[in-house]
Amino acid sequence: MSQYIPNIPTNCLAKKVVLITGGANGIGSSLVTQCLEQGANVCIGDLDNISGERLLKQCCEKYRPEEEDMPPRAIFQTTDVTDYPSVLALFDLAFKTYKRIDHVVSAAGIVEIGNWFDTSLTLETVRQTPTHKVMDVNLLGSMYVTRIASVYLRHNRGSNCDRSILLFSCVSGFKESPSLFIYQASKHGVTGLMRSLRNYISSPYKHYLRINTVCPWVTQTDSIKKVEAQWKQADLPINTSEQVATVATGVLADQSLNGTSMFVEGGRAWEIERNIERLESEWLGDEPSKALAAGQGLLDDGSIWTAPERPRKKSTISVGVPPGVPLDKLNGLALANGVNGMSNGLANGVH
Ligand SMILES: NC(=O)c1ccc[n+]([C@@H]2O[C@H](COP(=O)([O-])OP(=O)(O)OC[C@H]3O[C@@H](n4cnc5c(N)ncnc54)[C@H](O)[C@@H]3O)[C@@H](O)[C@H]2O)c1
């Protein structure tokens with residue numbers, strides 16, 4: 001069983017600094033409130049400055065600093081996650097105000113715009129470049145936030161200080177969602193970003209940070225207005241934004257969690273990554289699973305991909321078949337070059 005039950009002791013985020021993008025509405029705003037409730041200071045970034053300012057006012061009235069000369073418990077800045085300098089400015093504000101950042105949550109997200117694959121598209125209309133805003137907000141925005149977080153979270157940290165990044169993926173991050181073509185691609189991307197980073201970023205020799213994702217199913221916010229009535233009529237599970245925020249708070253507070261994806265349905269959460277890994281030989285087969293493990297072992301921490309290219313000596317050896325050689329001449333040429341035989345000392349086309 002992979003059920004995840006959040007453990008949230010009172011004040012579990014006391015004095016922590018949490019930066020939340022997309023924090024002005026929906027799940028993000030519930031998370032803002034819960035983090036404040038648990039003792040954190042919160043920096044909210046969102047494109048929606050009206051909701052953001054309104055939330056800020058409510059938060060500052062309810063949650064006050066311990067002493068007069070301390071910074072407010074919550075701050076807000078209008079932020080566009082698709083704009084790198086705008087995201088940087090949000091981190092700067094949090095860092096300047098609180099002198100450090102402990103947890104970063106990327107919750108900003110939008111749903112599908114139009115239909116990229118509309119069957120009524122013609123040779124004429126397909127010439128118009130479609131909008132990639134969904135990709136920009138959901139995936140590029142998460143990538144910007146994660147990159148900048150990986151640096152800011154490492155500064156002004158105490159010894160043994162827990163720091164983490166939490167990304168908002170979706171059920172569409174691991175399951176097909178008909179007609180949410182670009183949204184699904186973006187959320188698969190978010191899950192992929194977390195998977196690609198979870199070993200690297202958590203290494204004590206690299207960034208030493210945790211990274212996790214939350215993958216909510218249908219949650220009662222403005223995003224799901226189109227399906228809400230039918231969903232309820234069918235009596236399918238539906239989350240409140242507070243329930244999803246509780247799972248997120250639990251993940252932020254639990255120092256043992258890294259590399260997880262928490263699927264949230266009807267208020268309950270299920271971790272999916274461990275079972276995908278554990279059952280690989282069943283859904284993929286024993287042999288390919290072993291081959292994959294050997295390949296993964298060889299690639300190890302992946303530094304082979306990011307290591308700087310070593311300058312190569314210019315070779316005088318010509319390799320392969322020149323372009324445009326007809327097929328019937330190919331065998332003779334290949335044999336002459338020893339490509340098949342490898343036994344005549346001319347393997348790899350050595351002349
Ligand atoms: N509601 C659901 O059913 C559901 C399900 C799965 C995943 N999610 C994900 O959870 C997260 C929160 O969703 P929600 O339902 O609370 O949505 P929401 O629309 O209520 O809130 C999203 C917030 O993101 C902000 N935002 C949009 N574009 C932005 C940009 N460019 N820069 C900064 N902020 C921007 C919006 O202003 C809004 O405040 C999203 O990533 C969403 O994809 C939601």
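**Close-up views of a predicted model**

**View 1. Pairing of strands S2 and S5.** Strand S2 (residues 17-21) runs parallel to strand S5 (residues 103-106), and the two are joined by four bridges. Within this pair, Leu19 faces Val104 of S5. Strands are DSSP runs of E with at least two residues, helices are runs of H or I with at least four, and both are numbered from the N terminus; two strands pair if DSSP finds at least two bridges between them. The model is predicted, with local features requiring pLDDT of at least 70 and side-chain atom pairs pLDDT 80 or more, while totals for chains, interfaces and linings use all residues. Residue numbers start from 1 along each chain as its sequence is written.

**View 2. The open sheet.** Nine strands with mixed pairing follow the order S1-S9-S8-S7-S6-S5-S2-S3-S4. Strand S1 (3-4) and strand S4 (74-78) are at the edges with a single partner strand each, so one side of each has no neighbour in the sheet.

**View 3. Surroundings of the ligand.** The ligand is surrounded by 30 residues (C-beta atom, placed from the backbone, within 6 Å). Among the closest are Gly22, Asn25 and Thr221. Helix H1 (26-37) and helix H4 (133-152) each provide at least two residues of this shell, and H1 contributes the most, with three.

**View 4. Contacts of Ala248.** Beyond its neighbours within four places in sequence, Ala248 is in contact with Leu31, Val105, Leu166 and Val214. Contact requires C-beta atoms, placed from the backbone, within 7 Å.

Notes: Contact = placed C-beta atoms within 7 Å.
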